[in-house]
Amino acid sequence: MKESDLVLKTVTRVVIFIILTFGFYLFFAGHHNPGGGFIAGLILSSAFILMFLAFDVVKVLEALPIDFRKMMITGALISLFTAILPALLGKNLLYQFDLHTKIPYFGEVHFSTITLFEAGIMITVVGVVVTTILSLSGGRT
């Protein structure tokens with residue numbers, strides 16, 4: 001093992017945590033500030049791509065119990081379901097249902113169906129980007 005490989009692998013372990021944290025921050029900040037599901041999906045995808053670059057692709061895929069093709073289909077179905085469900089309930093397409101509740105230690109918390117829609121977008125983007133990169137690199141998709 002070359003010294004540069006050791007440095008890359010060591011730095012990757014730290015940087016992946018930072019990338020994942022930033023991606024989830026952008027996801028949750030998305031419907032009130034810039035960010036959201038698409039940008040969070042791209043950021044989270046970069047963490048997987050960095051893992052593939054630093055470590056062996058086959059070993060990373062064996063360690064991750066994720067099928068990225070199923071991930072993109074699941075995300076698209078989540079987004080589609082949350083977009084169409086209000087129309088089936090007599091509301092406008094993409095209507096947003098809100099819930100305000102108090103949770104101990106957190107106080108007043110706001111839940112919304114737009115978060116589910118954005119989660120579907122994020123999951124779809126991660127699945128599509130990682131599947132595309134794996135296909136282009138010749139790795140298992």
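Mentor: UniProt positions here follow the numbering used for this chain, feature names are shortened, and annotations may be inferred rather than shown by experiment. The model is predicted: local features need pLDDT of at least 70, side-chain atom pairs count only at pLDDT 80 or more, and totals for chains, interfaces and linings use all residues. Residues are numbered from 1 along each chain as its sequence is written, and side-chain values use heavy atoms, with hydrogens and water left out.

Trainee: Which residues does the UniProt annotation "transmembrane region" cover?

Mentor: The annotation comes from an unreviewed UniProt entry.

Trainee: Over residues 70-89, how far apart are the end C-alpha atoms?

Mentor: Helices are DSSP runs of H or I, at least four residues; strands are runs of E, at least two. Residues 70-89 are 95% helix and 0% strand. Residues 12-30 are also 95% helix and 0% strand, with end C-alpha atoms 26 Å apart. For residues 70-89, the end-to-end value is 28 Å.

Trainee: In what order do the elements of the protein chain run?

Mentor: The protein chain has five helices and two strands. Read from the N terminus, the order is α-α-α-α-β-β-α.

Trainee: What percentage of the residues count as buried?

Mentor: Buried means under 20% relative accessible area, exposed over 50%, partly exposed in between, with a 1.4 Å probe and protein chains only. The protein chain has 141 residues. The buried share is 29%.

Trainee: What does the C-alpha trace span along its principal axes?

Mentor: The span describes the C-alpha trace of the protein chain. Along the principal axes, it is about 60 × 35 × 25 Å.
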